Amino acid sequence: MNSTIYTTPPSHPSSLFPNITLCKTIKHFKQVHAHMIKTAQIHDPLAAAEVLRFCALPNNRDIHYARKVFDQMRQPNCFSWNTIIRALAESNDDGKPLAALLFFFQMVCDASVEPNQFTFPSVLKACAQSSRLKEGMQVHGLVVKYGLDSDEFVVSNLVRMYVMCGVMKDAHLLFIRNLIEFDEGDEVVRNHKKKEEGNVVLWNVMVDGYVRLGEFGAARELFDSMPQRTAVSWNVLISGYAQNGLFKEAIEMFREMQMGDVCPNYVTLVSVLPAISRFGALELGKWVHLYAEKNGIEIDDVLGSALVDMYSKCGSIEKALQVFERLPRKNAITWSTIIGGLAMHGRANDALDYFSMMERSGVTPSDVTYIGVLSACSHAGLVDKGRSFFSHMVKAVGFEPRIEHYGCMVDLLGRAGHLEEAEELILNMPIKPDDVIWKALLGACKIHGNIEMGRRVAEVLMDMVPHDSGSYVALSNMYASSGNWEAVADVRLMMKEMDIRKDPGCSWIELDGEIHEFLVDDDSHSRAKEIHSMLDEIANQLRLIGYRPDTSKVLLNLDEEEKESALQYHSEKIAVAFGLICTSPHTPLWVVKNLRICEDCHSSMKLISKIYKRKIIIRDRKRFHHFEHGFCSCKDYW
């Protein structure tokens, strides 16, 4: 169809060329393009622009083809320049944002065309993506030159460019300059309401900037000052908190959002679930799942993986399996998540079965999948299978082992008592071992009482991370277990001189949607007296069935009575006691602990589960322990 038959051009060139608009595939589009070249229709600037637009659109984007089309245009108009610059700026490929800037500079040098308000957002995005502050400032100068420094979309991208380049001072100046003050006149208010939406974008960009720099105080202060908030505003802070380890703040922010007039969306749920997982806040996690289902939010592979991870880490592996089985699509991430969850719960055989199912389903395992498989072998003591999987991953699949894979192997070998093999693996690694790997070996030395190797490994750690308390505490504990109190005193003196403090044991329990936190020997809770009475009752019940605290593991130079008292007030015992007094009989209790559960607490929990007829689930630093009817799911191997 020839565009010259139209006397009055329609509002958009695409309506002039329905044969292009109706193309469903690139193959079909190229046939239409070939016909337009053959009939010389391509020489029409509008036709050429529409061809370029089609192959530069996100759904059909072929940058290489688009550049060829652009290069053959005799005199590209502003729309065509903007199209190719935008396509390059939006591409995540290395070098494409820089190419967008080069095209822009060619455009500026072309006397026949001038950039407009649709040009600069893409150019500024390219500057931001490539962290080119100098070029961004030059573009800022051109924005002022062309009188576009009051255009909301251009300004928001200018602010974002400075934010992405880490220049918050300039971003803040631009932000303040473009804030609009209210006026009592009706017309001004109407104009303000229209423009206020643009201002929300600016506020969000600024909050995101402070979050990126880790300045959460400034981010929260700005957020609290916002005259209007969208879901994006909340999501920026919730995801920022969660991604930076501020899980409690992320959950608190999410609760505030629930009480406001902005509804959580897909991004909100994906952002908050890792924080919920961290605290083992199962009830809140269930609410998120139910909210997604009731509000028609698609539980795709991303949100589905987050839910599987949440249920796994909150102690409900059966629910995690249900969510996984219902997912319409399963990819390497979802399979890896459920395999890792099963491993964490000590269900090694199930984890390996799911790995086999993954391969049979045609999904290729990723290197993350093998971390879950090796972890499953480690938790169950499947040394030969672990060795076999590691060898297969390297020799048959061709994955280059990451530090995490070596960490799993060291943990597997160390737990099983193969200390020399574990140490040899570390020393022969092609990559430099980190402190996590050495700590795994040190923990194994402690379990198996190899003080000589433990001292050697501790010295490596003290040199590598001199202010990390873990190596000092582990070495001190090993000396204490052998009764070498003089060596214990030397280590503790060293810690005192270097101002190194041991990480306190801390446990969390969620009841009625509220997370309660307890430290060792904690009496700060509002119901501390009731908790301590419950602890005394537990101790008496344990004595009645003949249990005596395992004071050999109290690595302090105290008398027997003091050692028993110290064991009674471990944080996980306090959390369980609180759960017993706050819940009805037979209600399961879920507890999260920041450190590895000690031998006495492990033995006690088995009996407490039997005495009080409760299922007690404790997630420590390494794995889950399901205590029920006097037994633990780990079969005393952890």
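Trainee: Which residues of helix 17 meet helix 18?
Mentor: On the helix 17 side, Gly304, Leu307, Val308, Tyr311 and Ser312. They meet Ile317, Lys319, Ala320, Val323 and Phe324 in helix 18. Contact here means heavy atoms within 4.5 Å. Helices (H or I, at least four residues) and strands (E, at least two) are DSSP runs, numbered from the N terminus.

Trainee: What should I know about where all this comes from?
Mentor: It's a predicted model: local features need pLDDT of at least 70, side-chain atom pairs count only at pLDDT 80 or more, and totals for chains, interfaces and linings use all residues. Residues are numbered from 1 along each chain as its sequence is written, and side-chain values use heavy atoms, with hydrogens and water left out.

Trainee: Back to that pair. At what angle do helix 17 and helix 18 cross?
Mentor: Roughly 165°, with the axes coming within 7 Å. Helix 17 covers residues 301–313 and helix 18 covers 317–326. Axes are lines fitted to C-alpha atoms, for helices over the stretch in contact, and angles run from 0 to 180 degrees between N-to-C directions.

Trainee: What do you call that arrangement?
Mentor: That angle makes helix 17 roughly antiparallel to helix 18. The cut-offs: under 35 degrees is roughly parallel, over 145 roughly antiparallel, 65 to 115 roughly perpendicular, and the rest oblique.

Trainee: Is the crossing of helix 17 and helix 18 left-handed or right-handed?
Mentor: Left-handed. That is, the near helix is turned anticlockwise from the far one by less than a right angle; clockwise would be right-handed.

Trainee: How do helix 6 and helix 7 cross?
Mentor: Their axes come within 8 Å and cross at roughly 140°. Helix 6 and helix 7 are therefore oblique to each other. Helix 6 passes helix 7 in a left-handed crossing.

Trainee: Which residues make the contact between helix 6 and helix 7?
Mentor: Pro97, Ala100, Leu101 and Phe104 of helix 6. From helix 7, Phe120, Val123, Ala126, Cys127 and Gln129.

Trainee: Let's zoom out. How many helices and strands does the protein have?
Mentor: 32 helices and six strands. The C-alpha trace spans about 100 × 65 × 50 Å along its principal axes.

Trainee: And what share of the residues is buried?
Mentor: 49% of the 638 residues. Buried means under 20% relative accessible area, exposed over 50%, partly exposed in between (1.4 Å probe, protein chains only).

Trainee: What about His140, buried or exposed?
Mentor: Buried, with a relative accessible area of 16%. His140 lies in helix 8, residues 133–145. Leaving aside neighbours within four places in sequence, His140 is in contact with Leu158, Tyr162 and Leu174.

Trainee: Lys145 is in helix 8 too. Buried or exposed?
Mentor: Exposed: Lys145 has a relative accessible area of 64%.

Trainee: What does Ser469 touch?
Mentor: Ile500, Arg501, Lys502 and Asp503, not counting residues up to four places away in sequence. Ser469 sits in helix 27 and is buried at 6%.

Trainee: Next, Asp499. Where is it?
Mentor: Asp499 is in the loop between helix 28 (485–497) and strand 1 (506–511). Its phi is near 55°, a positive value in a residue other than glycine. Most residues other than glycine have a negative phi. Asp499 is exposed, at 55% relative accessible area.

Trainee: And Asp512, what is its phi?
Mentor: Near 50°, also positive in a residue other than glycine. Asp512 is in the loop between strand 1 and strand 2, and counts as exposed at 82%.

Trainee: Last one. Which residues does UniProt list for "repeat: PPR"?
Mentor: The unreviewed entry lists 199–229, 230–264, 331–365 and 366–401. UniProt positions follow the numbering used here, feature names are shortened, and annotations may be inferred rather than shown by experiment. In the model, residues 230–264 are 74% helix and 0% strand, with end C-alpha atoms 10 Å apart. Residues 366–401 are 81% helix and 0% strand, with ends 11 Å apart, C-alpha to C-alpha.
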